[in-house]
Amino acid sequence: MNLPPDKLSLLSQYDNDKKWELICDQERFQVKNPPSTYLTKIKSFYQDQGGVTRRFKRRVQESTQVLRELEISLRTNHIGWAQEFLNEENQGLDVLVDYLSYAQCESRRTQKISRLASQRDDVHVCIMCLRAIMNYQSGFNQVMTHPRCVNEITLSLNNKNPRTKALVLELLAAVCLVRGGHDIILAAFDNLKEVSGEKNRFENLMEYFSNDDSNIDFMVACMQFINIVVHSVENMNFRVHLQYEFTHHGLDQYLESLKLTESEKLQVQIQAYLDNVFDVGALLEDAENRGGVLEHNSQLSARLEEIESQSAEGMAELEKQLLQATKETELLKVCTELNMEAFEEQFKTKAQGPPAALSTLKVKVAQKAPSKVNLIEGNKAKNLAITLRKGGRSPADICTAIETYDQQALGLDFLELLERFVPSDYELKLLQNYEKEGRPLDDLAEEDRFMMRFGKIPRLAQRISTLTFMGNFPESVKRLQPQLNSIITASMSIKSSAKLKKMLEIILAFGNYMNSSKRGAAYGFRLQSLDLLLDTKSTDRSQTLLHFISSIVQEKYPELNNFHTELRFVDKAGLVSLDSILQDIRSLERGMEVTKKEFLVQEDNTVLKDFVKTNSELLDSLLKDSKTAQETYGSVVEYFGENPKTTQPSMFFPPFVRFMKAYKQAEKDNEQRKRLEAQSSEKQAESPSPKKKEATGHKVGQ
């Protein structure tokens with residue numbers, strides 16, 4: 001029965017009658033047919049594509065029934081049955097993918113006949129069969145390495161049945177979570193974009209998500225898939241790019257309208273997305289606050305990159321023109337050596353016009369060129385061709401730059417794109433077999449020749465990862481260092497400020513006086529209580545408790561008025577996520593370890609040597625600052641009676657920021673009230689009283 005150990009132990013405790021009853025149940029539910037029986041029937045459905053509407057309906061019903069029985073067999077039979085279904089002789093996965101492809105084409109063909117399209121359930125059951133296969137590790141691996149399987153599953157999102165779309169997203173999410181799966185999913189959605197005529201990737205998915213609001217299961221599956229696609233990416237730039245793709249399709253506005261949904265599962269997925277979304281505006285604002293020098297440097301760097309890009313484009317264009325001119329020169333040279341004039345004189349016909357132009361000759365030669373061999377999956381090869389064109393360099397130069405760690409030759413964006421095309425084991429095997437067979441490399445398509453050279457680079461994945469790390473390292477340090485400095489400075493200034501301490505003592509004294517009839521004197525208060533100073537108002541509602549405290553400080557403790565000048569970078573520290581910083585620094589540590597290992601493998605590489613020598617001390621300094629930030633922050637949080645493990649900087653520092661802002665406003669309000677009172681007193685002093693006016697009037701009358 002293929003039971004796990006815990007179930008097997010439970011089964012052994014049953015008596016013989018119970019065991020026999022279970023065996024009979026198992027026999028009753030198991031399908032007796034061998035895999036070949038189902039495969040023969042399924043092939044007959046998509047190989048016999050003729051017929052009329054009546055035959056179409058009957059064929060779909062029959063195929064759905066066969067697929068349903070196959071799904072039960074894959075799910076309930078022993079694992080050996082499933083392995084036999086998937087072996088090289090039966091090639092069951094190929095058959096299911098072929099049927100799914102055929103069903104997709106039939107659905108598009110019968111789309112105008114909506115009644116026929118809505119009656120078919122075979123696509124859903126076929127995907128259920130694929131899900132049953134993916135429940136086995138060997139089956140999952142076959143699905144991952146199959147050149148068309150994930151693409152066909154993704155195309156099933158265009159099915160009208162929301163249950164089918166939900167099932168598709170469930171499988172795609174599972175693929176996305178395994179190593180290398182994210183690239184496969186993005187390539188599949190690129191293919192969906194091309195086949196469906198989308199303007200932008202994920203367009204249809206967002207349209208279905210926005211319109212199919214009657215099916216909660218589909219909406220939950222869709223939101224879960226978006227979470228995995230966007231937030232499972234480690235690279236921040238790529239993650240922001242994916243986030244923007246969905247924002248462009250209106251995801252943010254739609255999630256705002258779903259806030260009041262009654263589905264708890266959907267609320268959980270929506271909240272998970274919102275909790276992990278990058279606030280690009282805050283990141284840009286933080287980048288702008290780094291100072292004039294950094295801004296000037298970034299402008300210079302951008303200008304330098306622009307000049308280098310223009311130079312690279314110019315060189316590429318010149319190389320292209322030079323290559324074309326060389327070919328034309330060689331062709332003309334051959335024509336001259338062959339004495340074409342004598343040939344034309346002796347073999348021309350009466351109807352023959354002027355000699356053919358060289359460009360026409362080139363077109364004819366090009367038309368007769370043999371087709372190239374393609375080993376890499378078509379959609380991936382197309383994306384690779386686009387990526388290589390963006391690089392602006394020849395394949396040989398790209399591979400040489402990776403081997404020599406030439407950071408100037410390869411930009412960071414290009415490296416991150418190139419990392420998606422590291423050949424899989426399956427692709428490497430295809431390329432190696434082609435080469436072992438002694439077949440000419442010139443017969444391969446340009447992308448396949450690049451992959452052949454690309455895949456031969458030793459430790460390719462490690463090299464690209466190291467190059468990406470080296471390129472991102474300076475920017476990461478520039479981003480992290482100011483945040484650590486703000487945490488350290490804010491924590492130390494708050495804890496060491498004698499004026500702040502005295503201010504809090506005064507506030508505590510007023511609090512104890514107000515609560516003296518309720519309980520004994522308190523020795524402290526929670527930081528959140530500072531916000532209550534604005535909520536407590538005087539009897540005549542003309543001022544708050546903070547206004548009163550400000551006037552008392554002005555009168556009796558004037559030296560405390562500028563207490564806020566001792567608190568530095570508190571507002572900046574409140575925007576920092578210390579956990580995220582520490583996680584980023586740990587990533588830098590791991591990246592530096594990988595780089596050092598690469599250097600140990602090839603100690604003669606001066607690029608790695610210089611990088612490790614220059615930046616190891618910088619990373620050590622960053623690590624020391626991170627420990628200092630943890631210690632100083634933990635110390636000040638404990639000093640105020642809070643728990644450092646559960647209190648983030650975004651919770652601890654903002655009360656101080658709000659208190660300082662409110663106190664400054666209270667000072668201004670008090671000064672304004674004093675001015676108004678003084679002006680009112682002056683007016684009363686200048687104007688005579690009513691009795692004086694009356695006395696003056698009598699004298700005049702007399």
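Student: Which residue forms a salt bridge with Arg 453?

Tutor: The model is predicted. The closest N and O atoms of the pair are 3.2 Å apart, within the 4 Å cut-off for a salt bridge. The partner of Arg 453 is Glu 403.

Student: How many residues apart in sequence are the parts that this pair ties together?

Tutor: Arg 453 lies in helix H26. Glu 403 lies in helix H23, residues 395–404. The pair therefore ties together parts whose separation in sequence is 50 residues.

Student: How many salt bridges does the structure hold?

Tutor: The pair Arg 453 and Glu 403 is a salt bridge. For the structure, the count is 15.

Student: Are H22 and H26 roughly parallel or roughly perpendicular to each other?

Tutor: The axes of H22 (residues 378–391) and H26 (residues 446–454) come within 9 Å. They cross at roughly 80 degrees. Angles of 65 to 115 degrees count as perpendicular in this scheme. H22 and H26 are therefore roughly perpendicular.

Student: Which residues in H26 meet H22?

Tutor: H22 brings Ala 381, Leu 384, Ala 385 and Leu 388 to the contact. By class, the contact has six nonpolar, no polar and one charged residues. On the H26 side are Glu 447, Phe 450 and Met 451.

Student: What is the class make-up of the contact of H12 with H22?

Tutor: H12 (residues 181–196) packs on H22 at about 90 degrees, with axes 10 Å apart. Ala 187, Asp 190, Asn 191 and Glu 194 of H12 meet Asn 379, Lys 382 and Asn 383 of H22. By class that gives one nonpolar, three polar and three charged residues.

Student: Where does H27 bend?

Tutor: H27 covers residues 460–496 and reaches 52 Å, close to the 54 Å expected. Its bend is about 40 degrees. Pro 474 follows within four residues of the bend, which is at Phe 473.

Notes: Residues numbered from 1 in each chain as written. Predicted model: local features only at pLDDT ≥ 70, side-chain atom pairs only at ≥ 80, totals over all residues. Heavy atoms only, no water. Helix = DSSP H or I, 4+ residues; strand = E, 2+ residues; numbered from the N terminus. Expected span 1.5 Å × (residues − 1). Bend = angle between axes of the 7 residues up to and from the residue. Axes fitted to C-alpha atoms, helices over the stretch in contact; angles between N-to-C directions. Parallel < 35°, antiparallel > 145°, perpendicular 65-115°, else oblique. Contact = heavy atoms within 4.5 Å. Nonpolar A, V, L, I, M, F, W, Y, C, P; charged D, E, K, R; others polar. Salt bridge = Lys/Arg side-chain N within 4 Å of Asp/Glu carboxyl O.
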